[in-house]
Amino acid sequence: MSFASELYHRMEDLNVWEKTIVVERNGYLTEYDSMERSLYYVVSGSLKVCMQDAREEHIVRFGYTGDFITALDSFISGRRSAFFIQAIKKTEVKLISRSACLSFIKRDPTNRQLWQDILEQLVLQQLEREMDLLTSSPKDRYQRILQRSPELFHRIPHKHIASYLKMAPETLSRLKKS
């Protein structure tokens, strides 16, 4: 059982979820420059975490069934987020407020350890993501993500994966065929 799955089951057993939200396709779970006051668990569907510059949207990560997701920069710092979270398809999430989540985590040493393990995994994933971005070859970027997260190709539309990999959808299509 993964750390996230174990933490989710502990939260479920204690019924700490405050509500369930359904976000329609292309709807926003969180908006740019907002304060993140919740942690979400994806029950079904898929989301993308993005930032926007003057020219284009940049996808920094995905979340799908069985994942925790939040605008982590704001959730941790208490400041406005540089990111937004948008549904790729109709998505159902469970929500717990930041304060209730932190109380739950602090309540029990096992909860604290699971939370720390999840954050450590996230840091390692972000380092892998940075290495992806520094890899100049589209083929190498594709192979890295395919090896690391093959399920991504079954859960996320290819146009979003192409954007995440910093390549045109046609390039990704050619790489998949080769």
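In helix H3, Phe104, Ile105, Lys106 and Arg107 meet Asn111, Arg112 and Trp115 of helix H4, contact meaning heavy atoms within 4.5 Å. By class, this contact of H3 with H4 has 3 nonpolar, 1 polar and 3 charged residues. Ala, Val, Leu, Ile, Met, Phe, Trp, Tyr, Cys and Pro count as nonpolar, Asp, Glu, Lys and Arg as charged, and the others, Gly among them, as polar.

The model is predicted: local features need pLDDT of at least 70 and side-chain atom pairs count only at pLDDT 80 or more, while totals for chains, interfaces and linings use all residues. Residues are numbered from 1 along each chain as its sequence is written, and side-chain values use heavy atoms, with hydrogens and water left out.

**Helix packing**

Helices (H or I, at least four residues) and strands (E, at least two) are DSSP runs numbered from the N terminus. Axes are lines fitted to C-alpha atoms, for helices over the stretch in contact, and angles run from 0 to 180 degrees between N-to-C directions.

| Helix pair | Angle | Axes |
|---|---|---|
| H3 (residues 98-107) and H4 | about 115° | 5 Å apart |
| H4 (residues 109-134) and H5 (residues 138-148) | roughly 155° | come within 9 Å |
| H5 and H8 (residues 169-177) | about 65° | 10 Å apart |

H4 and H5 are therefore roughly antiparallel to each other, a term for angles over 145 degrees. Their contact is made by Glu128, Met131 and Asp132 of H4 and Arg141, Arg144, Ile145 and Arg148 of H5. These residues divide into 2 nonpolar, no polar and 5 charged.

H5 and H8 are therefore roughly perpendicular to each other, as angles of 65 to 115 degrees are classed. Pro138, Lys139 and Tyr142 of H5 touch Thr171, Leu172, Leu175 and Lys176 of H8. This contact has 4 nonpolar, 1 polar and 2 charged residues.

**The largest pocket**

About 1,100 Å³ of space lies in the largest pocket. On a 1 Å grid over the protein atoms alone, a pocket is an open set of points where a 1.4 Å probe fits, with protein on both sides within 12 Å along at least five of seven lines; lining residues have an atom within 4 Å of a point. Grid points are joined across faces, edges and corners, and the volume is the space filled by probe spheres set on the points.

The lining comprises 38 residues, of which Arg61, Phe62, Leu122, Gln125 and Gln126 lie nearest the centre of the pocket. H4 supplies the largest share of this lining, 14 residues. By class, the lining has 22 nonpolar, 8 polar and 8 charged residues.

Conventions. Angles under 35 degrees count as roughly parallel, over 145 as roughly antiparallel, 65 to 115 as roughly perpendicular and the rest as oblique.
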